[in-house]
Amino acid sequence: MANGINGIDCMSAPASKPAGGSPSQVSKNDEENEQSDDDKDDEEAADDIGNTTAAKKKKKKRKPKKKKPAADATGKQSSPPRIPVASFFPSGQYPTGEEVEYRNENAFRTTSEEKRHLDRMNDDFLTEYRHGAEVHRQVRQWAQKNIKPGQSLTEIAEGIEDGVRALTGHQGLEEGDNIKGGMGFPTGLSLNHCAAHFTPNAGNKTILQKEDVMKVDFGVHLNGRIVDSAFTMAFDPVYDNLLAAVKDATNAGVREAGIDVRMSDIGAAIQEAMESYEVEIGGQSLPVKCIRNLNGHDIIQYSIHGRKSVPIVKGGDQTKMEEGETFAIETFGSTGKGYVRDDMEISHYAKKADAPNVPLRVSSARTLLSSINKNFGTLPFCRRYLDRLGHEKYLLGLNNLVSSGIVEAYPPLCDVKGSYTAQFEHTILLRPTVKEVISRGDDY
């Protein structure tokens, strides 16, 4: 969601000495002039030696300019990730996601010349999405290897976000830079019964424990093309079946999704996969339930939640997916009630795309809105991002923007305490010729 300052050393030339005396002094005494000429010769010789020494002292060695990190000869990313992904792909051709051919009545699309032509017209769109997806893969693979119990949630979140900003080449500190690329939305690190929308605010001291189940949900964007993908981490094998259930359900949703497919059919496939699992915790066998009031969604440019929802339980929604749309297929499983409510301190916010133009009487709200427009637009942000931009004492203004209907607040979503929840998510592109699972990687 750094500028170096180049200093210039200005070295002035030594001031010149007067060339001899005034005319009245010259006419006074020729002998004095001859003596003064001899003295002057000695002084000038001394000056020459002095100036040479001074010049040597003043002549400083130029420090070599710091080079931007570049891909090394092995083609490997640094740890932590700091080399821009573009360095690995100088041609601008980024890895293609998993391509899946359409089935049944849409099978013709794979070989249709008309559809291939439409596909080629989407070149910039695909480049931006594939670039973002590669950033997501490289950052999350580093995170999976390096996140350990004992770390603070703030340390984990900032590690992921620093990686995304470095790899996209957008630090987000200059005005408007975050709108060009960087974090698509704040890093969600929701623990145990909390399923979504939690990221630590400033001062949060929460430490990851070995018995925790943590959902890691973060977005990467370039030019507003948001790659939305999530995974779950657990450090105790007792939770393996919970994670397996949700991963299986997400893959079932990805398989079922496609052009002209009804949302109700996708939800039914997800639920069937998810609820075929059980998990044993504390000697008790618990069914894995779909969290029925959480959904996947379509993604439009600069807006993480579009106009369509993808249910994760069977229902009667006859809405169809259409050619050219982008969807986040995400599923959530729980050992609790399978239903979430708002809970805990709010951290996630986003300006509404259809925000009303209303007068703001709180001056801090006006200042904050101007900054949100310039730095985030309609991309989600969190309080830590406002802190990073140097905002102070902004809560009154932020709450005023929420109550005025300009900014939407997204509270953490939690099942009953004592339960455990898991999440997996992929972004898919419904291209004219094939379905591309843009965020697919070797990990999930």
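With which residue does Glu-323 form a salt bridge? The partner is Arg-109, and the closest N and O atoms are 2.6 Å apart. A salt bridge here is a side-chain nitrogen of Lys or Arg within 4 Å of a carboxyl oxygen of Asp or Glu. The structure is a predicted model, in which local features need pLDDT of at least 70, side-chain atom pairs count only at pLDDT 80 or more, and totals for chains, interfaces and linings use all residues. Residues are numbered from 1 along each chain as its sequence is written, and side-chain values use heavy atoms, with hydrogens and water left out.

Glu-323 lies in the loop between β10 (309-310) and β11 (326-334), and Arg-109 in the loop between β1 and α3, so the pair ties together parts that are 214 residues apart in sequence. Helices (H or I, at least four residues) and strands (E, at least two) are DSSP runs, numbered from the N terminus. Glu-323 is partly exposed, with a relative accessible area of 31%. Arg-109 is buried at 7% relative accessibility. Buried means under 20% relative accessible area, exposed over 50%, and partly exposed in between (1.4 Å probe, protein chains only).

The whole structure holds 18 salt bridges. One of them joins Arg-130 and Glu-436, at 3.0 Å from N to O. Arg-130 sits in helix α4 (residues 123-146) and Glu-436 in strand β18 (residues 434-437), so this pair links parts that are 306 residues apart in sequence. Both residues are buried. Glu-436 also forms a salt bridge with Arg-431, at 2.7 Å from N to O. Arg-431 is buried as well. Through shared partners, salt bridges join Glu-99, Asp-119, Arg-130, Arg-431 and Glu-436 into one network.

The loop between β1 (98-101) and α3 (113-120) also contains Asn-106. Asn-106 is buried, with a relative accessible area of 5%. A polar atom of the Asn-106 side chain lies 3.1 Å from the backbone oxygen of Ile-259. Beyond neighbours within four places in sequence, Asn-106 is in contact (heavy atoms within 4.5 Å) with Ile-259 and Asp-260.

The largest nonpolar core has 87 residues. Such a core is a set of buried Ala, Val, Leu, Ile, Met, Phe, Trp, Tyr and Cys residues joined through side-chain atoms within 4.5 Å. Those with the most contacts inside the core are Met-214, Phe-218, Met-321, Phe-381 and Leu-401. Another core, of 13 residues, lies apart from it and includes Phe-125, Ile-226, Leu-379 and Leu-429.

Leu-401 belongs to helix α11 (residues 395-403), where Gly-397, Leu-398 and Asn-400 are also buried. Seen down the helix axis, the buried residues of α11 fall within an arc of 160 degrees, so they line one face. The arc is that of the directions from the helix axis to the C-beta atoms. The face turned away carries the exposed residues Leu-396 and Ser-403. Cover for the buried residues includes β13 (348-351), α9 (363-375), β14 (381-382), α10 (383-388) and β15 (407-410). Just after α11, Gly-405 takes a positive phi of about 80 degrees.

An open sheet of 3 strands runs in the order β3-β16-β12, with antiparallel pairing. Strands pair if DSSP finds at least two bridges between them. β3 (194-196) and β12 (341-342) stand at the edges with a single partner strand each, so one side of each lacks a neighbour in the sheet. β12 and β16 (residues 413-414) pair over 2 bridges. Asp-342 has Leu-413 in β16 as its bridge partner.

Definitions and conventions: Polar contact = N/O pair within 3.5 Å; in protein donor to acceptor, adjacent residues only side chain to side chain.
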